[in-house]
Amino acid sequence: IPWDRYAPVLLHPGAGCPEILELNLDFFGITSKLKLAEPVTRCLLKRNLRKARYIIAACEGLKKIVGPYTREVRLFEVIPGGVPEEMLKYPVDSGSEKYLLYIGRMDITHKGIDILLEAYKAAGGELPLVMAGDGIDREKVEKMIKRLGLAEKVRTVGWVRGKEKYELIAHSMAVCIPSRVEG
């Protein structure tokens, strides 16, 4: 049973059926849009963490945050997300267009896109910024780019995947990860 802040775990595992909690750092750090439900969902998560015997976290930071809520844990492992092997086949191309890259969900609050754009403007560099991704704040991000006077230097390319994504990463000078809460 995956845990998600928008679909709280209400079920108890049956005999011989383990419960798996899929946790994200944002659950502990950023208030959800379900303001009235937030205390209830947090309470349910903490209850389930107290009962958990086996926990797998995606990063050490999450393990540290979750640790105080656990009581009966026998095994607590960190298994970070991997990099797909096919991505490693793309050589870095220093001869192509030079640019900085943001690749991720267009979510200003969680992903810190406002921080990236303000820092980019303050730096005043000549290197273009390419922003790949889509999400709830895409229109707001595009308006922010115009409002900050960055339309000539910042380009949004929408959602990318597979070969297109790997090539964007391989050809960039650096990937910017301004996220406020991340594994």
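This is a predicted model: local features need pLDDT of at least 70, side-chain atom pairs count only at pLDDT 80 or more; totals for chains, interfaces and linings use all residues.
Local features here need pLDDT of at least 70 and side-chain atom pairs pLDDT 80 or more, while totals for chains, interfaces and linings use all residues. Residues are numbered from 1 along each chain as its sequence is written, and side-chain values use heavy atoms, without hydrogens and water.

Select residues 113–123, which form α5 (helices are DSSP runs of H or I, at least four residues; strands are runs of E, at least two; both are numbered from the N terminus). Colour Ile113, Asp114, Leu116, Leu117 and Tyr120, the buried residues of this helix (buried is under 20% relative accessible area, exposed over 50%, with a 1.4 Å probe and protein chains only). They lie on the same side of α5, because their arc around the axis is only 165° (taken from the directions from the helix axis to the C-beta atoms).

Now turn to the face pointing away from that side: Ala122 and Ala123 are exposed there.

Next, show what covers the buried residues: β3 (100–103), α4 (108–111), β4 (129–132), α6 (138–147) and β5 (154–158) are included.

Then select Leu117, which touches Leu129, Met131, Val141, Met144, Ile145, Leu148, Leu150 and Val154, leaving out residues up to four places away in sequence (contact means heavy atoms within 4.5 Å).

Leu117 is also among the residues with the most contacts inside the largest nonpolar core, which has 17 residues (a core is a set of buried Ala, Val, Leu, Ile, Met, Phe, Trp, Tyr and Cys residues joined through side-chain atoms within 4.5 Å). β3, α5, β4 and α6 each give two or more residues to this core, and α5 gives the most, four.
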